[in-house]
Amino acid sequence: MEKFYVTTPIYYVNDIPHIGHAYTTIAADVLARYWRTKLGEENVFFLTGTDEHGAKVAQAAKDAGQQPQEFVDSIAPQFEKAWQELQISYDHFFRTTDPRHEREVSDILQKLYDKKYVYEGIYEGLYCEGCEKFLTEEDLVDGKCPLHPNREPQHKKERNYFFRLSAFKKDLLEIFKTEQVKILPVHRKNEILGKLAGELKDVSISREGVGWGIPIPWDKSSTCYVWIEALLNYYTATRFLAGKKEFWPADVHLMAKDILWFHTVIWCALLLAAELPLPRVVFAHGFFTINGQKMSKSLGNVIAPKELVEKFGVDATRYLLVSEFPFGQDGDFSLEKLKIRYNSELANNLGNLIARVAKLCENVGLSAPESPHNKFDEQVTDYLETYQFNLALQTIWSWVDGLNKKIDSEKLWENTAEKQGILIEIVGGLRKIAFNLKPFLPETAERIEDQFRGPKISAAQPLFPRI
Ligand code: MSP
């Protein structure tokens, strides 16, 4: 692979950043950091951002007593700030209100229209504003959208432009089956293939009466349906960041399972219609709950990334979020569980190891040999390249345990001066741990590297104070 392009969904600005958004964004950051080390900074592109148009955002602006532009301008920086607090190394923060995006979207829509992939019709049916999605009968649970059971679906009858999605059914089945576009995890691919085998209807790509959007170029009385322009962000970003390498197609789109259909079926059909290359991998991770409940404003259980950062620190937050359960599976978080893991895995296992070794080195005046570690372990590489973050971390933690055991079995605190060979070996092990931790815990990795470098190793502040 010569370049790596990773994306997160662009998040709706009707909400403020929470740990659901942070989960995907940290995973993307881990991948970006890993590939930068392998391919060089200039060959990696990491895109995240905000989805700022549509009825839902317009309503949120109204509720806040603001004009939509003013409103989105106040929320988007909160996402940027949250990501900076988590050390997210994005290359570009995308906003769909960027005029360059608006121009590109117009051009693509016009192209689809000229190629007769778009036609005018009447949409009649239900719409969930929470999802910004047209609902079919099969989507409903007790007459409501299952994701927004507190909102009444809206009945719509409006003049819309439709995209001939149905024309792409055969091609889509083929590209997903042959893994020209790889849908991961595999059970998600099977779900998409199963659903795709049923009837595939054309989809509306415009909205009438939603002023807050990108105008349809040939009919300015309508605006582009928010999902269509949102998906296009992945491509348009690579267009207007001229001067950069050619990054399209994406190497992996990350998101939760809630929006996988859009990112596979709709997105790939749009790309086929526009004759653009297809993404390589679309990975849908699971959805998590907090203490068994869906995170929601009305339940008051939404956790902002900042809350975790204040409690645990940046690196620990990153670690705890990506390692709690396998990427791809649903799970549940609780602050209590996170605290237990923080104390045992970070404060005790890793933190103590570093402190013990530093102290032993200081006691005997050990200077670190010049042999920096600069290669990812093969097993860690395999896990990272197959999105198994928790297993990559488990592998690294097995080394941590191994070194702790070695210190105990060798009773390294007794006659340390005579056991310098073992101590040097352990310092080598720590450097290997630090290097492999870089994508996950960038600050910690750097601190460990700094501490065990140079002629004089000395004890330092604990990496993870117990809480
Ligand atoms: N704006 C659309 C995406 C357009 S991308 C072209 C959108 N935005 S969203 O703000 O609702 O973000 C949804 C995404 O946030 C999920 O796909 C996932 O990445 C992340 N998550 C939000 N809550 C989450 C959980 N509780 N658990 C896991 N991921 C979560 O949909």
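**View 1. The ligand sits in the largest pocket.** A pocket is an open set of points on a 1 Å grid over the protein atoms alone, with protein on both sides within 12 Å along at least five of seven lines. A molecule sits in one if more than half of its atoms lie within 2 Å of its grid points. The model is predicted: local features need pLDDT of at least 70 and side-chain atom pairs pLDDT 80 or more, while totals for chains, interfaces and linings use all residues. Residues are numbered from 1 along each chain as its sequence is written, and side-chain values use heavy atoms, with hydrogens and water left out.

**View 2. A shell of 23 residues surrounds the ligand.** A shell residue has a heavy atom within 4 Å of the molecule. The closest are Ile-10, Thr-24, Asp-51, Ala-256 and Asp-258. Strand 1 (4-12), helix 1 (19-39), helix 7 (226-240) and strand 12 (252-256) each supply at least two shell residues. Helices (H or I, at least four residues) and strands (E, at least two) are DSSP runs, numbered from the N terminus. By class, the shell has 14 nonpolar, 7 polar and 2 charged residues. Here Ala, Val, Leu, Ile, Met, Phe, Trp, Tyr, Cys and Pro count as nonpolar, Asp, Glu, Lys and Arg as charged, and the others, Gly among them, as polar.

**View 3. Glu-85 and Lys-306 form a salt bridge.** The closest N and O atoms are 3.8 Å apart. The criterion is a side-chain nitrogen of Lys or Arg within 4 Å of a carboxyl oxygen of Asp or Glu. Glu-85 lies in helix 3 (residues 68-85) and Lys-306 in helix 9 (residues 305-312), so the pair ties together parts 221 residues apart in sequence. The whole structure has 30 salt bridges.

**View 4. The peptide bond from Leu-184 to Pro-185 is cis.** Its omega is near -15 degrees. Pro-185 is in the loop between strand 7 (182-184) and helix 6 (186-197).

Key
1 Å grid on protein atoms, 1.4 Å probe; cavity = no way out; pocket = protein on both sides within 12 Å on 5 of 7 lines; lining within 4 Å.
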